[in-house]
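Thanks for coming. I will go through one model this morning, a few local features at a time, so please have the viewer open.

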Amino acid sequence: MKEYKETHHSLMYKSNSDLSLYSAGYEKCTSGYSYGPKIRSYHLIHFVLFGKGELHINEHIFQLSAGDAFLIPAGKVSYYEASRDEPWCYAWISFLGINSQMYLYQLMTSSDDVYIIHGLDTVKYKERIFDIIALQDASTSSYFQANGILFQIMAMLFDDIDFQESRWGKNSVADEVKYYLDINYSEKIKLQDVAKIFGIHPNYLTRMFHEKYGISPKQYLLDLKLKKARRLLTTTELSVSVIASSLGFDDQLAFSKIFKKEFSVPPSEYRKQSRVSSDSLHK
């Protein structure tokens, strides 16, 4: 493992900055190498360079490979493990600061999988992270250089996801509700509970959400769960019952019934069909 930790300023100073680097590193994992479960006081972004691995966070499970980046917010319990057959190699940065959470949330809410960004040229991020690792001292010059590179990496990410400021209404309650659903979709969420959290009436929540997104929060949540279910069915070997449980459905039967109503086939058949289709494309 290679790692650089910025020690020129205290954690308190970093926390009160706009955005400040905590550490950067590189790890070529051995078969089955794992880290966690752990809660951190800073945010983390890992860039998968090659190989495969699995991330567990907030009751979600993600299968990751080269070209993926996974984002771990401060305060979230996370666990990740390298594949036993194709252990991954990744580079990472960690950071904190007054606006760090907002920047991370902007990245997360611009991604289909919230905690994951797919399709990145992760090698270019590794090169910038290696520039940080090469500093290896606590001088004022290194402090500015390391943080300068952190800002470059964040700029690269925002460019790569084609972030549109106008589409991210950070002061809208509808956006906050949407983000809450994006993060907590695996739980058994009730509209009344969400409305209570945000201090508004359920009817107002529904109307406001529909005006912003053209869909009710209840339907948005169901569509989100089914979207995640389709991805899990096509990219993992998890059983239908485990997928149903991980997405907050009461049981496998309820999940299968809803899934079939939406896609005309039960989950197990959908998995078979998607694999047949994938195999034919690779012949």
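The model is a predicted one: local features need pLDDT of at least 70, side-chain atom pairs count only at pLDDT 80 or more, and totals for chains, interfaces and linings use all residues. Residues are numbered from 1 along each chain as its sequence is written, and side-chain values use heavy atoms, with hydrogens and water left out.

Back to charges and rings. The charged end of K126 sits over the ring of F130, 5.4 Å from the ring centre. K225 does likewise with F249, where the distance to the centre is 5.6 Å.

Next, the aromatic pairs. Rings of Phe, Tyr and Trp (for Trp, the six-membered ring) pair if their centres lie within 6.5 Å; planes under 30 degrees apart count as stacked, over 60 as edge-to-face and the rest as tilted. The structure holds 22 such pairs. In one of them, W88 and Y90, the ring centres are 5.5 Å apart and the planes stand at 80°, so the pair is edge-to-face. For accessibility, buried means under 20% relative accessible area, exposed means over 50%, and partly exposed is in between, with a 1.4 Å probe and protein chains only. W88 is buried at 1% relative accessibility, and Y90 is buried at 3%. Both belong to a cluster linked by ring pairs, made up of Y35, F70, Y80, W88, Y90 and W92.

Now the strands. Strands (E, at least two residues) and helices (H or I, at least four) are DSSP runs, numbered from the N terminus. Contact means heavy atoms within 4.5 Å. L71 is in strand β7, residues 69-72, and is buried at 0% relative accessibility. What does L71 touch, not counting residues up to four places away in sequence? The list is L44, I45, I57, L104, L107, M108, Y115 and I117. One of those, I57, belongs to strand β5, residues 52-57, and counts as buried, also at 0%. I57 and L71 are 14 residues apart in sequence, and their C-alpha atoms are 9.7 Å apart. With neighbours within four places left aside, I57 is in contact with F62, L71, I72, P73, K76, V77, S78 and Y115. For another distance, L71 and H8 are 63 residues apart along the chain, with 25 Å between their C-alpha atoms.

A138 is partly exposed, with a relative accessible area of 42%. A138 touches T7 and H8, leaving out residues up to four places away in sequence. Between A138 and E6 there are 132 residues of sequence separation, but 6.8 Å from C-alpha to C-alpha.

On to helix packing. Two packed helices are described by the angle between their axes and the distance between the axes. Axes here are lines fitted to C-alpha atoms, for helices over the stretch in contact, and angles run from 0 to 180 degrees between N-to-C directions. Angles under 35 degrees count as roughly parallel, over 145 as roughly antiparallel, 65 to 115 as roughly perpendicular and the rest as oblique.

The axes of α3 (residues 122-133) and α4 (residues 140-160) come within 9 Å and cross at roughly 170°. That makes α3 roughly antiparallel to α4. On the α3 side the contact is made by K124, Y125, R128, I129, D131 and I132, and on the α4 side by A146, I149, L150, Q152, I153, M156, L157 and D160. As for classes, Ala, Val, Leu, Ile, Met, Phe, Trp, Tyr, Cys and Pro count as nonpolar, Asp, Glu, Lys and Arg as charged, and the others, Gly among them, as polar. The α3 and α4 contact then divides into nine nonpolar, one polar and four charged residues.

Helices α6 (residues 191-198) and α7 (residues 202-213) pack at about 90°, with their axes 9 Å apart. That makes α6 roughly perpendicular to α7. Here L191, Q192, V194 and A195 of α6 meet P202, L205 and T206 of α7. These residues divide into five nonpolar, two polar and no charged.

Last, the backbone. Which residues does a cis peptide bond join? They are G36 and P37, with omega about 0°, and P37 is in strand β3, residues 34-38. D162, in the loop between α4 and α5 (173-184), is not a glycine but has a positive phi of about 55°. S264 is not a glycine either, and its phi is positive at about 70°. S264 lies in the loop between α10 (252-263) and α11 (267-281), and is exposed at a relative accessible area of 60%.

Notes
Lys NZ or Arg CZ within 6 Å of the ring centre and 35° of its normal.
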